[in-house]
Amino acid sequence: MKEERARENLVACRNGKDIGHRLRSFWLLLRQLQHARCSISISCSVFSLVSRSPSLSSLSFLDLSISLPLLSSLDLSISLPLLSSLDIDLSLSDQKKTDHLLALDGAKERLHLFKANLLEEGSFDSVVDGCEGVFHTASPFFVTPSDPQAELIEPALNGTLNVLGSCAKNPTVKRVVLTSSIAAVAYNGRPRTSDVIIDETWFSDPESCKENKLWYQLSKTLAEDAAWKFAKEKGIDMVAINPAMVIGPLLQPTLNTSSAAILNLVNGSQTYPNASFGWVNVKDVANAHIQAYEIPSANGRYCLVERVAHYSEVVNILHKLYPSFQLPEKSADDKPFMPTYQVSKEKAKTLGIDFISLEEGLKETVESLTEKKFFGVWRILKTNM
């Protein structure tokens with residue numbers, strides 16, 4: 001059967017800073033490596049992965065947010081068609097910065113790197129050429145950016161439009177799966193209390209985000225809004241995935257923002273944040289992306305939240321899992337606890353997602369942090385197994 005080509009772009013670290021959502025990106029790559037029969041390549045400038053499928057339609061995964069420390073302005077592209085065997089090649093001058101990719105099962109024989117730049121208009125024209133599916137999966141995630149416009153908003157907004165622009169030029173593209181965020185859903189000024197159920201009909205309000213200096217939320221809101229408008233104008237079939245804080249096992253060697261939040265709790269912090277967030281396992285997020293591409297009827301947005309929990313509940317779960325840990329015992333302030341709220345799982349269930357529990361996700365996160373030597377607790381872990 002005729003071989004098809006697919007490619008994907010991953011945004012890694014810019015000037016050594018953390019780019020969030022690496023967890024889900026690696027797991028999406030791993031799932032594809034496990035289940036695909038295709039040839040994959042990655043290109044670099046940045047980088048990009050390219051894939052040839054002997055049987056199924058080609059896919060392109062854009063912005064998988066893999067961490068490549070100390071390489072500035074990196075865009076890594078990976079393409080892995082579903083249910084086809086991979087044949088990938090590597091072409092990078094400093095292989096040490098991509099060893100974590102090659103460590104994935106099957107990757108050493110089947111991974112290729114190519115050049116692409118997320119913020120350069122037209123950079124992905126040749127990457128997307130011949131692809132039937134495109135996954136645009138990450139944005140920069142900084143808690144306290146020094147320049148929100150340059151570090152968060154422009155990469156999220158312009159990068160998304162550049163990728164979609166390349167998709168619009170290629171008639172072979174049948175569907176784009178966009179990784180958005182619950183940040184683009186829940187921040188609209190409406191109360192978020194225990195009786196409130198947030199669902200896919202909610203949209204964050206840019207003015208409210210600006211007023212409260214919620215720069216990451218603003219970046220994701222503007223990017224998703226622009227993506228929907230562009231997709232409608234150009235007739236692109238797009239599906240958006242809106243996960244909350246992503247936890248679970250790390251496949252990359254560097255620390256991402258959401259895992260750092262858990263590490264801070266188990267690594268000697270005296271207090272925990274007075275905040276409530278939604279939490280979801282990286283493996284569920286990866287599976288949702290695949291299902292959103294494979295299920296023909298998938299459409300619109302899909303919120304991915306296993307549970308909304310205050311940090312005090314997260315600490316309590318960690319204490320039950322690891323009673324020997326020295327965990328924070330009080331909130332960072334004396335204000336009443338931020339209330340929790342609910343996020344509907346009904347639409348996510350139509351993708352076949354059976355959410356992994358927050359407890360299991362926290363356990364996987366701590367054990368992964370330990371294994372990768374972010375947290376030296378092997379003895380304590382073994383004691384509690």
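The second largest pocket holds about 160 Å³ of space. A pocket here is an open set of points on a 1 Å grid over the protein atoms alone, where a 1.4 Å probe fits, with protein on both sides within 12 Å along at least five of seven lines; lining residues have an atom within 4 Å of a point. Points are joined across faces, edges and corners, and the volume is the space filled by probe spheres set on them.

This is a predicted model: local features need pLDDT of at least 70, side-chain atom pairs count only at pLDDT 80 or more, and totals for chains, interfaces and linings use all residues. Residues are numbered from 1 along each chain as its sequence is written, and side-chain values use heavy atoms, with hydrogens and water left out.

Among the residues lining that second pocket are Gly268, His319, Phe325 and Glu329. By class, its lining has four nonpolar, five polar and one charged residues. Ala, Val, Leu, Ile, Met, Phe, Trp, Tyr, Cys and Pro count as nonpolar, Asp, Glu, Lys and Arg as charged, and the others, Gly among them, as polar.

Now the largest pocket, with a volume of about 1000 Å³. It is lined by 41 residues, and Tyr187, Arg192, Leu214, Gln217 and Phe277 are the closest to its centre. The classes there are 23 nonpolar, 14 polar and four charged.

Last, His289. Its side chain makes a polar contact with the side chain of Thr179 at 2.5 Å; such a contact is a pair of N or O atoms within 3.5 Å, and within protein one must be able to donate a hydrogen and the other to accept it, while residues adjacent in sequence count only if both atoms are side-chain atoms. His289 is buried, with a relative accessible area of 1%, where buried means under 20%, exposed over 50% and partly exposed in between, using a 1.4 Å probe and protein chains only.
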